[in-house]
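Please look over the sequence and the structure first.

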Amino acid sequence: MSHEMFLGLYVFVLAAFVGYGVIGGVPPLLHTPLMAFTNAISGISLVGSLVAAGAEHTTFSTALGFIAVLCSSINVVGGFLITDRMLKMFRKRGGTKA
Amino acid sequence: MSMTAEFLYFLASVLFIIGLRGLGSAETARRGLFISEIGMVAAVLGTLLHPDIVSYKWIIVSAGIGSAIGIAMAALIPMTKMPERIALSHSFGGLAAALVGVSEYSLHHEVVTHATMGALGFEVLFGGLTFTGSLMAFGKLQGFIPGRNITYPFQNQANIAIFGGSALLLILLTTWPSVQFLFYLMFFIAMVLGVLIVIPIGGADMPVVISLLNSYAGLAASATGFALGNNVLIIAGALDGASGFILSIVMSRAMNRSFGNVLFGAFGKVNEEALAAVGSQEIHEATVGDAAMLLSSAQKVIVCPGYGMAVAQAQHAMRELAEHLEAEGVEVLYAIHPVAGRMPGHMNVLLAEANVPYDQLKELEEINDEFAQADVALVVGANDVVNPAAKHNASSPIYGMPVLNADLAKTCIVLKRTMNPGFAGIENELFSMPNTVLVFGDAKQTLEKIVQALA
């Protein structure tokens, strides 16, 4: 296995632990927004999709990239907007919205 | 990769984590979201600088269409359809990751290293599985596919065999990366597996399935990062994966079941004996007027909402009733069971949409001791999560599952459409208890009528 792969594993494991710690602190109240939120973040596949669509190596790879960009941009844009729409609804008694 | 791009990716990774931290409380959540949005913009900018990109034509077209669809979906989807929306977006995420993997492989299959091949394999395996599995979950939630579990002989054995087969293909492929046939076969089998895994799972188990698919979508994105040597993908995918994993654990625990039991247990099975027993249950039916009187003479009312409230879209009527009662000096609280509904946090979002202040929404552990002091427990479309059999009947399929103590309230009013058992097909002792009354009918209409009776 290459050096780069091992570095990737370090990054993955550390990020997973950070994620576990941070997300463990999210109250059940916000579990649905959390899902929509992480969904938007995982739309980061956009990063790979954009290169596949824009590199125009073969028609096949461009077509796949096109669909991938479509899917991940729906997730990124839609995911952030819908999370915001949900979070706006949470308000305290008598108080203003969050 | 240029230094600028590297920096932007690094910035994005940090901003994602800071943003997620914001979700620790409702006050800071929107700020956290905004921080993560900046992170996403940074990551996209960094990518657009990539030297391999020769033309922005297709990028602009597809990102344009995708954004328009995303905006429309976010604006138009009703909160009751949130589980469907989430399932669908997991499937998009899985598909995007899988297609990036296929595209990479199609370009580099002759030169790809063993390690990169392993990453690509994982990416396509998890991506394909998440894609079809989430589509199935979406179909079940939407009612295109029967929501009940579908079982057939040797189902688990077949699934395990197919899973083993795909794992074997992954190993073979990593050993001989240039054999294209293996790659596409594995992609195909992953998609078949996604369908087969979700088919046997019943509606009440959807919160666990959706959480697991959430986790798989994250792992697929992470694998993409390994294949492309891109850390921001690895980190964002790991965060998503960890989140789905935690939610799966929370959901399984709330049902007192293991992952394996959810995936292979076919819990949603209708129990014929229980169905027969339901008919013989002795119940006390009450009118809307009775319910109104019980509620207005109470000092403390605890509402137990369930999936039925979402189906009937009764959350607004519920809030209206609560406001009426509060105006008369009645204390109203909501007891939220973690698996009430079809996804984690489903009830909270619905009630927040109906303008219920979130400090009235109480978690199970927080409120369960308060039922004994409550005059009325009002069960709106919930069933298994208020079944006292889980506490004392060792032969009940849900024995050991933490449930809301609705049975301990002085009176329990259950709003139900019909006498059908819940999704798990289990008889509910609560309905035949001496201090329980049932009001039959559509939950929304019943609540509206109670409000009228109070006015």
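## A residue at the contact between the chains

I74(A) belongs to helix 4 of chain A. The model is a predicted one, and in it I74(A) counts as buried because 27 C-beta neighbours lie inside 10 Å, where 20 or more are needed. Apart from neighbours within four places in sequence, the contacts of I74(A) are G66(B), I69(B), G70(B) and F92(B). Within chain A, the C-alpha atoms of I74(A) and M35(A) are separated by 15 Å, and the two residues are 39 apart along the chain.

The contact between the chains takes 80 residues from chain A and 95 residues from chain B. On the chain A side, at least two residues each come from helix 1 (3-24), helix 2 (31-42), helix 3 (46-55) and helix 4 (59-89). Helix 4 of chain A gives the most, with 28 residues. Sorted by class, the side of chain A that touches chain B has 47 nonpolar, 26 polar and seven charged residues.

## A loop residue in chain A

E56(A) is found in the loop between helix 3 and helix 4 of chain A. Its phi is near 50°, a positive value in a residue other than glycine. With 16 C-beta neighbours inside 10 Å, E56(A) counts as partly exposed.

## Chain B as a whole

Chain B has 18 helices and six strands. Its radius of gyration is 25 Å, close to the 23 Å that the globule rule gives for 455 residues, so chain B is as compact as a globular protein of that length. Along the principal axes, the C-alpha atoms of chain B fill a box of roughly 75 × 50 × 35 Å. Of the 455 residues of chain B, 55% count as buried. Among the contacts in chain B with a separation of 6 or more, 80% are between residues 24 or more positions apart.

Six strands of chain B make an open sheet with parallel pairing, in the order 3-2-1-4-5-6. Strand 3 (361-363) and strand 6 (436-440) of chain B are at the edges; each has a single partner strand, so one side of each lacks a neighbour in the sheet. On average, neighbouring strands of this sheet are turned by 25° against each other, direction ignored.

Strand 4 of chain B pairs with strand 1 of chain B in the parallel sense over five bridges. Here V303(B) stands opposite L378(B) of strand 4. Five bridges also join strand 4 (residues 376-380) of chain B to strand 5 (residues 411-416) of chain B, and these two strands run parallel. In strand 5 of chain B, T411(B) is the bridge partner of V376(B), and C412(B) stands opposite A377(B).

Is strand 4 of chain B mostly covered or mostly uncovered? It is mostly covered, with five of its five residues buried. This holds for both faces of strand 4 of chain B: V376(B), L378(B) and V380(B) are buried on one side, and A377(B) and V379(B) on the other.

Helix 15 (residues 346-353) of chain B lies across strand 1 (300-305), strand 2 (331-336) and strand 3 of chain B, and runs at about 145° to strand 2. M347(B) has its place in this helix and is buried, with 33 other C-beta atoms within 10 Å. Leaving aside neighbours within four places in sequence, M347(B) is in contact with P305(B), I336(B), A340(B) and G341(B). The C-alpha atoms of M347(B) and G229(B) are separated by 40 Å, the residues being 118 apart along the chain.

N355(B) lies in the loop between helix 15 and strand 3 of chain B. Although N355(B) is not a glycine, it has a positive phi of about 75°. N355(B) counts as partly exposed, with 14 C-beta neighbours inside 10 Å.

Technical notes. Residues are numbered from 1 along each chain as its sequence is written. Chains are lettered from A and ligands numbered from 1 in the order in which they are written. This is a predicted model: local features need pLDDT of at least 70, side-chain atom pairs count only at pLDDT 80 or more; totals for chains, interfaces and linings use all residues. Two residues are in contact if their C-beta atoms, placed from the backbone, lie within 7 Å. Helices (H or I, at least four residues) and strands (E, at least two) are DSSP runs, numbered from the N terminus. Ala, Val, Leu, Ile, Met, Phe, Trp, Tyr, Cys and Pro count as nonpolar, Asp, Glu, Lys and Arg as charged, and the others, Gly among them, as polar. Two strands pair if DSSP finds at least two bridges between them. Axes are lines fitted to C-alpha atoms, for helices over the stretch in contact, and angles run from 0 to 180 degrees between N-to-C directions. The radius of gyration is taken over C-alpha atoms; the globule rule is 2.2 Å times the number of residues to the power 0.38. A residue is buried if 20 or more other C-beta atoms lie within 10 Å of its own, exposed if 12 or fewer, and partly exposed in between; C-beta atoms are placed from the backbone.
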